[in-house]
Amino acid sequence: MAAVIETRGLGKRYGSRWALADCTLSIPSGQVVGLVGPNGAGKTTLLHLATGLLAPTTGTIEVAGGQPAISAAQLARVGFVAQDTPAYAGLSIADHLRLGAHLNPGWDARLARDRIRKLGLDRGQKAGKLSGGQRAQLALTLAVAKRPELLILDEPIASLDPLARREFLQSLADFIAEHQVSVVMSSHLVSDLERVCDYVIVLVASRVQVAGQVGDLLAAHHKLTGRPVSLEDLVLAYMSRAAAPGGETELEVPR
Amino acid sequence: MTWLTWRQSRAQTIAAGAALAVLAIVLAVTGPNLAHLYDSSGIATCHPFATCHTLADTFGNKLSKLDIVLYCIGLGVLLLAPGLIGVFWGAPLVTREIEARTFPLAWNQGVTRTRWMAVKVGLVGLLAMATAGLLSLMVTWWSSPIDTSLSLGTTSGINLTRLGPTLFDSRDITPIGYAAVAFAAGVTAGVLIRRTVPAMAATLAAFAAVQVAWPIWIRQHLIAPVHTVVALNPANVYQVKGVNNSLIISAVPDFTQPGAWVLSSQIVDQSGHAAHVAAPQVCFGSNFQACHAYIGRLHLRQVVAYEPASRFWDFQWSETAIFLALALALGGFCTWWIRRHIT
């Protein structure tokens, strides 16, 4: 399976602090990938490197076969919903759709229109007046209507209430089901990702702790410990192992 | 990208357009009267120069209060407009995307960051130049009768020439260059500082420094001044000082070239060297006439350095070209900088 994101020794340093260090990953395409880790682990840094918002300090990264943000064609391959799902407060929903249509050669106007209609949003409404959930939906609409090969979402639902969260994940799942697209979504809550993800990356303290198919990881641990574990327990085990003093210790999955 | 740039700058464009329209109406209503007053003053065809002086004085006295107020407003608006454009259009251009955290949205559309920046800087920069250009066109047209009469000099001692520091950068095409460079400076401050208010302050400080320093120290070097020697007229001496037994004389040069920008004058003796005059007792009493007579007997001269009025357009073009080149360089720098340094 071709890799949608391929990194080698990728690192990003701010001053003397490494926000991401020695990251070597090969994320297969066609997957819904959950990027999990505590706050400040380097999730946003990794995603910004993948979108080309940041340039790496060390190592290389290839996304959908190209260097991130190197050209308009490369930008067209990647859709991005940034943290806090930004939108232009002074522009209406219709303006945002027009923006998308003007700036993206592969813009799917019908998809965008249908999504906004299905959400029941008023096209004349200014984005600054939308609720958090509605703004997140608008940001997702912009990202999917450019019809990317890879959709990257940086904690898109972190600040949403439970209902808006569920609606967002549902509309994301609908889009994934209908279109051929790879997805990388970050969160510090495993429960957000459990339902939609089939691949998981655990990032703690600037380093990748584990990366793999959810099914494989769970099966391996089932075999090892002789009892079934949940994804949440497994991820938490990796997180606490990374946070433990003394570094590498045995993985302890709670009962 | 053009559409987004237009959409994001629509409000400011409309505001600028409205302000220009209001000014245009006021100037169009009052301008013809002023032009008529000037035409009937005879200044346009006066000869010799001495009679122009008187005609200009008469014209000046006939001006209404409103004319004078409008003249000063026009001058002020043109001196302030480039700075304001830099502060309110230039500085926030990028910082507002950073502060509202909309840059990840903007920079992940199918347009490279370089193009995004180049289009924004280019179009809003052109808008800034057009605004300053129209403003200058209107004010230059309206003010030209008063500018001409002031350049002839009045008995009240006011002598503003179009080439002089006050009027030059608020007339004809130089405001376009100033607006371009102020805008580009604002954008540069924005991409370097990344926060709107500090970037605005830095823009204002930097541009004000250029606006003050340029006419005082730099403009005169664009084209080498002409030097001429005139006889010192004792009647023009306005101050004498004795320092270490020698006399320091200050005098207005007897130099009548309408519209010339006089840069400096130096008092020299008959052989052309800087004058060293022994200080006589007569110059430290109350008898100024005796002192003037003493100075007159020395047959001193003054070397005057000046830029003739005929160079007005040479200066306009070269200064505008320099500022446009500077603005272009700053714009290019911002486009390059934003590609690698801003996230």
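## A helix and what follows it

In chain A, helix H5 is followed by Arg147(A), a residue with a positive phi, near 55°. Please keep in mind as you read that this is a predicted model.

Helix H5(A) itself covers residues 132-145, which makes 14 residues. From its first C-alpha to its last it reaches 20 Å, close to the 20 Å expected at 1.5 Å a residue. Is H5(A) mostly covered or mostly open? Mostly covered: 13 of its 14 residues are buried. As a reminder for looking at any such element, an α-helix has 3.6 residues a turn, so residues three or four places apart point the same way.

## The three-stranded sheet of chain A

Chain A holds an open sheet of three strands, in the order S2-S1-S4, and the pairing is antiparallel. Strand S2 (17-28) and strand S4 (58-63) of chain A are the edges; each has a single partner strand, so one side of each is left without a neighbour in the sheet. On average, neighbouring strands here are turned by 20° against each other, direction ignored.

Let us take the two pairings of S1(A) in turn. Strand S1 (residues 3-14) of chain A is joined to S2(A) by eight bridges, with the two strands running antiparallel. Within this pair, Leu10(A) stands opposite Cys23(A) of S2(A), and Lys12(A) has Leu20(A) as its bridge partner. How many residues lie between the strands in the hairpin of S1(A) and S2(A)? There are two, and Gly15(A) in this hairpin takes a positive phi near 60°.

## Some residues to look at in chain A

Is Arg17(A) buried or exposed? Arg17(A) is exposed, because 9 other C-beta atoms lie within 10 Å of its own, and a residue counts as exposed at 12 or fewer. Although Arg17(A) and Ser206(A) are 189 residues apart in sequence, their C-alpha atoms are 9.7 Å apart in space.

Asp22(A) has a positive phi of about 45°, although it is not a glycine. It has 15 C-beta neighbours inside 10 Å, so Asp22(A) counts as partly exposed.

Ala205(A) is another residue that is not a glycine and yet has a positive phi, in this case of about 50°. Where does Ala205(A) have its place? Ala205(A) is in the loop between strand S8 (199-204) and strand S9 (207-213) of chain A. With 15 C-beta neighbours inside 10 Å, Ala205(A) counts as partly exposed.

## Where chain A touches chain B

The two chains meet through 27 residues of chain A, which are in contact with 18 residues of chain B. On the chain A side, the elements that give two or more residues are helix H1 (43-51), helix H2 (72-77), strand S5 (78-81) and helix H3 (93-103). Which of them gives the most? That is H3(A), with five residues.

By residue type, the side of chain A that touches chain B divides into 18 nonpolar, five polar and four charged residues.

## The build of chain B

Chain B has 11 helices and five strands as its secondary structure. Its radius of gyration is 25 Å, well over the 20 Å that the globule rule gives for 343 residues, so chain B is more spread out than a compact globule. Taken along the principal axes, the C-alpha atoms of chain B fill a box of roughly 85 × 50 × 30 Å.

Of the 343 residues in chain B, 37% count as buried. Among chain B contacts between residues at least 6 apart in sequence, 80% join residues at least 24 apart.

## The three-stranded sheet of chain B

Chain B also has an open sheet of three strands, with the order S1-S5-S4 and antiparallel pairing. Strand S1 (226-231) and strand S4 (261-268) of chain B are the edge strands, each pairing on one side only. Neighbouring strands of this sheet are turned by 25° against each other on average, direction ignored.

Six bridges join S1(B) to strand S5 (residues 301-307) of chain B, and these strands run antiparallel. In this pair, Val230(B) has Gln302(B) of S5(B) as its bridge partner.

Methods: Residues are numbered from 1 along each chain as its sequence is written. Chains are lettered from A and ligands numbered from 1 in the order in which they are written. This is a predicted model: local features need pLDDT of at least 70, side-chain atom pairs count only at pLDDT 80 or more; totals for chains, interfaces and linings use all residues. Two residues are in contact if their C-beta atoms, placed from the backbone, lie within 7 Å. Helices (H or I, at least four residues) and strands (E, at least two) are DSSP runs, numbered from the N terminus. Ala, Val, Leu, Ile, Met, Phe, Trp, Tyr, Cys and Pro count as nonpolar, Asp, Glu, Lys and Arg as charged, and the others, Gly among them, as polar. The expected span of a helix is 1.5 Å times one less than its number of residues. A residue is buried if 20 or more other C-beta atoms lie within 10 Å of its own, exposed if 12 or fewer, and partly exposed in between; C-beta atoms are placed from the backbone. Two strands pair if DSSP finds at least two bridges between them. Axes are lines fitted to C-alpha atoms, for helices over the stretch in contact, and angles run from 0 to 180 degrees between N-to-C directions. The radius of gyration is taken over C-alpha atoms; the globule rule is 2.2 Å times the number of residues to the power 0.38.
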